[in-house]
Every structure is written in structure tokens, then in C-alpha cells.
Amino acid sequence: MNCIVNVDKNFSIGYEGDLQVRLSPDLKRFKDFTVGNIIIYGRNTLATFPKERPLPKRKNIILTTRKDLEESNDVHVCHSLEELFDLKERLIEEGYSEDQFFVCGGESVYRQLLPYVKKIYITQMEVELPSDSYFPSLGDEWKITYESDMQESDGIKYRYVNYEREE
Ligand SMILES: NC(=O)c1ccc[n+]([C@@H]2O[C@H](COP(=O)([O-])OP(=O)(O)OC[C@H]3O[C@@H](n4cnc5c(N)ncnc54)[C@H](OP(=O)(O)O)[C@@H]3O)[C@@H](O)[C@H]2O)c1
């Protein structure tokens with residue numbers, strides 16, 4: 001299972017229930033990584049998507065305790081981590097691979113699922129933004145395996161950094 005996230009200088013990921021900034025190359029990258037794959041996220045993150053709807057062209061797994069969310073072939077609702085892992089096993093039996101699962105936030109879901117993640121794709125912005133949600137701090141078991149050159153979009157400098165868990 002992978003994790004994908006956009007962070008600021010202090011590893012903050014959101015403010016007042018939304019992303020602090022939408023960086024177009026990062027949104028494009030998120031799409032490139034996740035289309036055709038499986039995204040796992042919490043109900044608060046669903047509220048940040050266009051029209052608060054699951055994202056098209058990929059399988060969506062939404063974590064919530066609510067019972068009123070609509071499901072379909074590409075939208076699954078899980079009410080606990082246990083339900084999530086049962087579903088993940090079924091999807092793997094159907095032919096999906098571990099590498100196709102992307103944990104997409106927010107803070108509570110990153111915290112709960114990080115112990116099961118092997119690889120993290122981070123977009124690290126070189127700015128400090130107003131924040132009230134954070135990505136969990138990464139322990140010594142996490143090693144940087146890739147770092148892109150610094151890039152810039154809409155006046156914000158950022159780079160892509162991949163981390164992998166050392167066995
Ligand atoms: N920078 C990034 O890359 C990035 C990515 C994603 C999100 N974000 C930001 O992160 C912030 C949201 O984070 P958050 O922690 O508040 O929300 P979240 O993790 O998106 O969603 C939390 C909700 O998910 C459900 N949930 C979580 N764990 C569950 C479990 N084990 N079983 C059942 N339901 C579970 C609960 O929904 P119910 O209340 O319905 O029970 C919970 O209230 C926003 O600011 C957002 O913009 C940033």
C-alpha cells in the first residue's frame with residue numbers, strides 16, 4: 001500500500017477542513033498516480049473533492065462511521081479498519097496488486113494507515129501555510145529513495161520526495 005500527500009515546510013496538510021493550496025502540477029500528478037487504481041480516504045477528505053463526490057476513473061474507498069453514503073461498483077464505504085482490510089483482501093483476490101492502493105488522507109486516515117504503508121509519495125512545498133492538520137512524523141525506518149529538483153508553480157516552490165520503509 002502507498003501513501004500520497006502534499007505537505008508544506010512543516011508537514012502540514014490542511015486548514016479548516018480543506019487543502020491550503022491547490023497546486024496544478026500536484027493535482028495532475030495525483031491523477032496520474034491514482035487513475036485506474038484504488039484510493040482510500042476519510043469522509044472529511046471526500047468533502048474537499050469537486051462537488052464532494054468520489055473521484056472518477058478509480059476505485060474509491062471511503063472510511064466513515066455513517067451508514068448513509070451511497071455505494072457503487074467504484075465506490076466502497078468502510079466503517080472500520082477491519083472492514084477496510086477485508087475489502088482490500090477481496091480486491092487483491094480479484095486481481096488488484098498491493099501497489100495499486102493509495103492512502104490519500106486526511107490526517108486521521110494517514111495516522112491510522114501509515115503502519116501498513118510501504119511507500120510514500122510526497123509533494124513537499126517550500127512554504128509555511130496556515131495549518132490545523134498534519135502528516136504524521138516519519139520515524140527512522142523511513143528512507144528517502146527519490147528527490148526531484150526544485151520546481152515552481154503559482155509562485156510556490158516544491159519538490160517531489162519518495163520515502164520507502166526499510167524492512
Ligand atoms: N495535503 C494533502 O495531501 C491532503 C490530503 C487529504 C486531506 N487533506 C486535508 O486533511 C484534512 C482532513 O483530515 P481529517 O483527519 O480531519 O479527516 P479525514 O481523515 O479525511 O476524515 C476523517 C473521517 O473519516 C472517518 N474515519 C476515519 N477513520 C475511520 C475508521 N477507522 N473507521 C470509520 N470511519 C473512519 C470518520 O468519518 P465520520 O465522521 O463520517 O465517521 C472521520 O471523521 C483537510 O484539511 C484536508 O484538506 C490534505
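Predicted model: local features only at pLDDT ≥ 70, side-chain atom pairs only at ≥ 80, totals over all residues.
Tutor: Residues are numbered from 1 along each chain as its sequence is written.

Student: Why is strand S3 called largely enclosed by the rest of the structure?

Tutor: A residue is buried if 20 or more other C-beta atoms, placed from the backbone, lie within 10 Å of its own; it is exposed if 12 or fewer do, and partly exposed in between. Five of the five residues of S3 (residues 38-42) are buried, so the strand is largely enclosed. Strands (E, at least two residues) and helices (H or I, at least four) are DSSP runs, numbered from the N terminus.

Student: Which residues of S3 point one way, and which the other way?

Tutor: Ile38, Ile40 and Gly42 point one way, and Ile39 and Tyr41 the other way. In a regular strand the side chains alternate between the two faces of the sheet.

Student: What makes S3 and strand S4 a pair?

Tutor: Two strands pair if DSSP finds at least two bridges between them. S3 and S4 (residues 59-63) have five bridges, in the parallel sense, and therefore meet the definition. Isoleucine 40 has isoleucine 61 as its bridge partner in S4. With strand S6 (residues 101-103), S3 pairs in the parallel sense over three bridges, and there isoleucine 40 stands opposite valine 103.

Student: Which helix gives the most to the shell around the ligand?

Tutor: Helix H4 (107-113) does, with four residues.
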